[in-house]
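Let's take a walk through this structure together, one contact at a time. Keep the viewer open and follow along.

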Amino acid sequence: MSKNKSTRKGRDFRRDVTEQYQSLVRFDEMLKLRSMAFSTRSEYVRYVRKLAQHVKRDPAELNEAQLRAYLLHLKEVHHYSGSTMRTAVCAMRNFYGKLLGHPWKLFDLVRSPDRKTLPAVLTRAEVARLFAAITEPRFRTILRLIYACGLRIREATTLEVTDIKREPCRLHLHHTKGQKERYVPLPESMLEELRAYWRTHRHPKWVFPGTGRGWREGPGARERLALASEPMGVGSIQNCLRLVVPVAKLPKGTHPHTLRHSYATHLLEEGVSIRLIAQFMGHSSIETTAIYTHLTAVNEAAARAAVSRLLDGI
């Protein structure tokens, strides 16, 4: 079978799975009723669909031992990372536990710890090089916004015109992780950048409307942009950053979330309260924010000087 036919067959089978197994349809409906975020819901359905593809039958028919064998397969054959394994298990727990009502002990047995690593952070000079290397206004503006306000990428792409408050100058974020609304201070200079970019399209809802393919081609490009039905896609921003990282000579693996980490670290270096930073970033626990104390050059220099003073006295 040719590669094209094989790929086409794979797509057809995935479509058949959704159509054939009503359990998957009911699972998606249940996740909607639980008001689960679209991205999380899509991932959970995807993992159960992959299980259906693997066993070539309705996943609702499996027993606990069969699911246990599949989870072992993911660990030992596919070598799923800790975070990926946890997502797969959460999907199965929701499908078999909440949808089908199976009180299986399997889910309490699975453990997938991650290796504890510190988040990557750019220096201020590296952040400056990044912005200097981006020539496309929409990408430069949205990445500067992510850094200026410590936003998650989807919080930036789904920003609405009415989310920008003038007195005081801040953002009212609605499309957030865990649906926890919050306010974030917006620098005056960033407000002017947002205004300047918005004037290029004047979309009635989105600050960063989706462009679609070939949006620059043909007459009326700006008018079409003003009528976009969706906000800017996350993938286009990620791809922009991948291309500009070597140009700006940034560390390999720099991604949009790196700017959020850098925001928190640089605020700590400026003496902003860690509790306030946690509030700005939408962290439920201050312990999540505390990791940035390990990354600040100012704290490290102060600690080094303190140790030197201790040694001088011995």
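Start with a pair of charged side chains: Arg-41 and Asp-28 meet in a salt bridge, with N to O at 3.1 Å. Keep in mind as you look that this is a predicted model. The pair links distant parts of the chain, since Arg-41 belongs to helix H3 (residues 38-55) and Asp-28 to helix H2 (residues 22-33), 13 residues apart. Arg-41 has 15% relative accessibility, so it counts as buried, the cut-off for that label being under 20%. In general, side chains of opposite charge can pair when their charged atoms come close. The structure as a whole holds 13 salt bridges.

Next, find Glu-155 and Arg-152, whose side chains also meet in a salt bridge, this one at 2.8 Å from N to O. Are these two buried or exposed? Glu-155 is buried, because its relative accessibility is 2%. Arg-152 is buried as well, because its relative accessible area is 17%.

Now go to Arg-166, which forms a salt bridge with Glu-188; their closest N and O atoms are 3.1 Å apart. Arg-166 sits in the loop between S1 and S2, while Glu-188 is in helix H10, so this pair ties together parts that are 22 residues apart in sequence. Arg-166 is partly exposed, with a relative accessible area of 36%, and Glu-188 counts as partly exposed at 41% relative accessibility.

The peptide bond joining Glu-167 and Pro-168 is cis, with omega about -5 degrees.

S2 and S3 pair in the antiparallel sense over 4 bridges, and Leu-173 has Arg-182 in S3 as its bridge partner. In a regular strand the side chains alternate between the two faces of the sheet.

Time for some backbone torsions. Arg-202 has a positive phi, near 55 degrees, although it is a residue other than glycine. You'll find Arg-202 in the loop between helix H10 (188-198) and helix H11 (221-226). Lys-249 is another non-glycine residue with a positive phi, also near 55 degrees. It lies in the loop between helix H12 (234-247) and H13, and it counts as exposed because its relative accessibility is 67%.

Two packed helices are described by the angle between their axes and the distance between the axes. For helix H8 (residues 137-149) and helix H13 (residues 256-269), the axes come within 7 Å and cross at roughly 35 degrees. The crossing of H8 and H13 is right-handed. Which residues of H8 and H13 meet? On the H8 side they are Leu-143, Ile-146, Tyr-147, Ala-148 and Cys-149, and they meet Pro-256, Leu-259, Arg-260, Ser-262, Tyr-263 and His-266 in H13. By type, the residues of this contact divide into 8 nonpolar, 2 polar and 1 charged.

Methods: Residues numbered from 1 in each chain as written. Predicted model: local features only at pLDDT ≥ 70, side-chain atom pairs only at ≥ 80, totals over all residues. Heavy atoms only, no water. Axes fitted to C-alpha atoms, helices over the stretch in contact; angles between N-to-C directions. Helix = DSSP H or I, 4+ residues; strand = E, 2+ residues; numbered from the N terminus. Left-handed = near helix turned anticlockwise from the far one by under 90°. Contact = heavy atoms within 4.5 Å. Nonpolar A, V, L, I, M, F, W, Y, C, P; charged D, E, K, R; others polar. Buried < 20%, exposed > 50% of the residue type's maximum accessible area, 1.4 Å probe, protein only. Pairing = 2+ DSSP bridges. Salt bridge = Lys/Arg side-chain N within 4 Å of Asp/Glu carboxyl O.
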